[in-house]
Amino acid sequence: MAFESLTGKLQDIFKKLRGKGKLSEKDVKEAMKEVKIALLEADVNFKVVKEFINNVTEKSLGQEVMESLTPAQHVIKIVNDELTALMGSKESKINFSDKPPTVIMMVGLQGSGKTTTSGKLANYLKSKGKSPVLVACDIYRPAAIKQLQVVGSSINVPVFSMGDKTSPVDIAKTSIDFAKNNNYNVVIIDTAGRLHVDEELMDELKNIKDAVNPDEILLVVDAMTGQDVVNVAESFNEKLDIDGVILTKLDGDTRGGAALSVKAVTHKPIKFIASGEKFTDIEVFHPDRMASRILGMGDVLSLIEKAQAQIDEKKALELQKKILEQQFSFDDFLEQLQGLKNMGPIDQLFSMIPGVNMSKLKGINVSDKDIKRIEAIIQSMTKEERQNPSIINGSRKKRIAAGSGTSIQQVNSLLKQFEQTKKMMKQFTDMGKNMKIGKRKMPFFK
Amino acid sequence: MLNFFKKIKKDNEIIEKEDKKGLYQRLKDGLARTRDNFTAKIDDILSLGRKVDDELFEELEEILILADVGVSTTEKIIDNLKEKAKEQKVKDAEKIKELLAEEIYDIMEAKETSLKITPPTLILIVGVNGVGKTTTIGKLANKFKREGKRVLLVAADTFRAAAIDQLDVWAGRNNCEIIRHEEGSDPASVLFDGIKAAKSRNVDVILCDTAGRLHNKKNLMEELKKIYRVAQREFNEGNIETFLVLDATTGQNAIQQAKIFKEATDVTGIILTKLDGTAKGGIVISIKSELDIPVRFIGVGEGIDDFQEFDSEKFVKALFE
Ligand SMILES: Nc1nc2c(ncn2[C@@H]2O[C@H](COP(=O)(O)OP(=O)(O)OP(=O)(O)O)[C@@H](O)[C@H]2O)c(=O)[nH]1
Ligand SMILES: [Mg+2]
């Protein structure tokens, strides 16, 4: 299928490589051809891909295969290292000013998500104990100011506005005094969306920058952007010398190659990712996670971090271990479902599991109503059946269905879903055989 | 073919003469950057006397990829191009350019008939977040008003902050009617009321705004289907068009968007926005080729007039002239 995830693609490629005895030039070339296509399909910019492939090929050819690795693992290691290097080696934080207020300026193309993201960022900083104020500098788009005001009131953050008749430069300047006088220690300036080739409006941004001297200029980039993202990022960076990037709409099913491209052309860190409609849907960007996610490790760490808010740490580690050792039973499944219930969209969580294509996920997409039914079915199983579902025969199914007030069909479909889940886990274990549990980095090849 | 280019050239002369207001000029301006990037490169490659070899095809491939056409469609196009070149024993690189233009033109025009909006028509505007749906409605309303049609806007984005007010501003600019409910209310029932009002007021065209939604959000797509069902049920005596708005800067994900929105609301056309930037919007070639959804309009700016009917000939010409 054309829309198979980059993750899935690379896994396929490396499956081909795995098991061959020796890393030949032909192997590397073949793998790189596939990596190239996968990266292009993921919207990584053509030129970035080319450079990347050249680097990796060169490195792969020159190196001796490490003793502890198969040739395939060795190639994966190099690809991963390069990818991580490209994504940046560490996470980066907001620069807070010694002399408050800290000024953050949000810039980007039309429709990239600046206003919503400004709200999310304000909400995030508020939760970290800051007192932010939002500044409405989009005087052009109809109802843009109103939008920011609605956003502000729903997260309880004040919005500074001077209407749409004052120049954005003056609004920005005045807002700094307003913040000082009212003891707000972070100022978030929401600017109007504009094209990077619109000289007049790009000059306006430069003027705002010169007037308020921001501590952070953040370029907001839609994760679905294609090849053109390099032109956009380059132009904004040249004009404004941005400090970082926020990648939005990552809750979509885009493969997000734009992340690689932006980083490659600007050398500026991606600081946050936004992934949802709620004002809490913003997180610090972890370059190593993104790289390993692209390579098929999934975002296990994010999954676990999310889980920890609900399940305690020990249990999370146990789960991870079970996943790795394939001892995942219906008991665990049930426990997870109950924990996950409170954590937001389940498909979003599943999507972070390595090797899970959203297309393959169809069978296990669960709604809250489904969860209730699944719970009832599992609770009608005996202890034995939960640990070892293969013993569930026709008459057992009948009993379980009767006990849970469901049909045999529904019991069957849960059993199938469970098997699918386990299969995915298996895929994951294959990839993660040599992975150390519970540490920051997931170098599955070490 | 040579004839193909000559024919386009003639048509355009006529168009340019007839178009006193410079609509064509605006389109050209809007597309200028796109074209400059695209054709400058093509011209580079195809400078006189160049041989037709693998290297040439590879470079053409690169141009298509950089235009977001996508790997598989690019491969298909280049394969066909190679075959044709071989068949026709083309030795001249310049001729290859014509064949390439023709190839893309054929994809865009395959089985296509022109769009006719006969009153009463309901147009549902759908798409992911921030692509330009509401702005496009403002532009469409302007177009239909100028044609003397009575237009009603329906504010069925009840979700995004101030979305209703935004549409209201466009209603004011166009001096047309609008049906709106409170923020947070059920979008399907806004449309229900809109259709009812349209019927009693003899409205020619209903333009229905919807909230931006990512196509992989099940619940939001269900909500959209519900809106669509209301349209089908309550407007069965009229025509229904569903236009998917796509941002030209979008990469390969646009195919997935088109596919899933089509499943949900039977998308009948695409409106490609933001072509005034440097993005090339080549993904519509893939969408037409894979899903057979035609492009109907293009957006080339934020102004009410920055809007054009999509025309494959002009489009191809603008890319290759
Ligand atoms: N340069 C340019 N900007 C455009 C074009 N069409 C829309 N925009 C801008 O893109 C931004 C988003 O447009 P909207 O019409 O609000 O998009 P939407 O799809 O309704 O957004 P949501 O309702 O939030 O999902 C606005 O700033 C528009 O002015 C276009 O053709 N060219
Ligand atoms: Mg809108």
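1. Strand E2 (residues 132-137) and strand E4 (residues 186-191) of chain A pair in the parallel sense over six bridges. Strands are DSSP runs of E with at least two residues, helices are runs of H or I with at least four, both numbered from the N terminus, and two strands pair if DSSP finds at least two bridges between them. Leu134(A) has Ile188(A) in E4(A) as its bridge partner.

2. The model is predicted: local features need pLDDT of at least 70 and side-chain atom pairs pLDDT 80 or more, while totals for chains, interfaces and linings use all residues. Residues are numbered from 1 along each chain as written, chains are lettered from A and ligands numbered from 1 in written order, and side-chain values use heavy atoms, without hydrogens and water.

3. In chain A, eight strands form an open sheet of mixed pairing, in the order E3-E2-E4-E1-E5-E6-E7-E8. Strand E3 (159-160) and strand E8 (282-284) of chain A are at the edges with a single partner strand each, so one side of each is left without a neighbour in the sheet.

4. Which chains surround ligand 1? Residues from chains A and B do, so the site is shared between chains. The surrounding residues number 23 (a heavy atom within 4 Å), and Lys133(B) and Asp276(B) are among the closest.

5. A polar side-chain atom of Thr135(B) lies 2.6 Å from an oxygen atom of ligand 1; a polar contact is a pair of N or O atoms within 3.5 Å. For Lys274(B), a backbone N or O atom lies 2.9 Å from an oxygen atom of ligand 1.

Notes: Polar contact = N/O pair within 3.5 Å; in protein donor to acceptor, adjacent residues only side chain to side chain.
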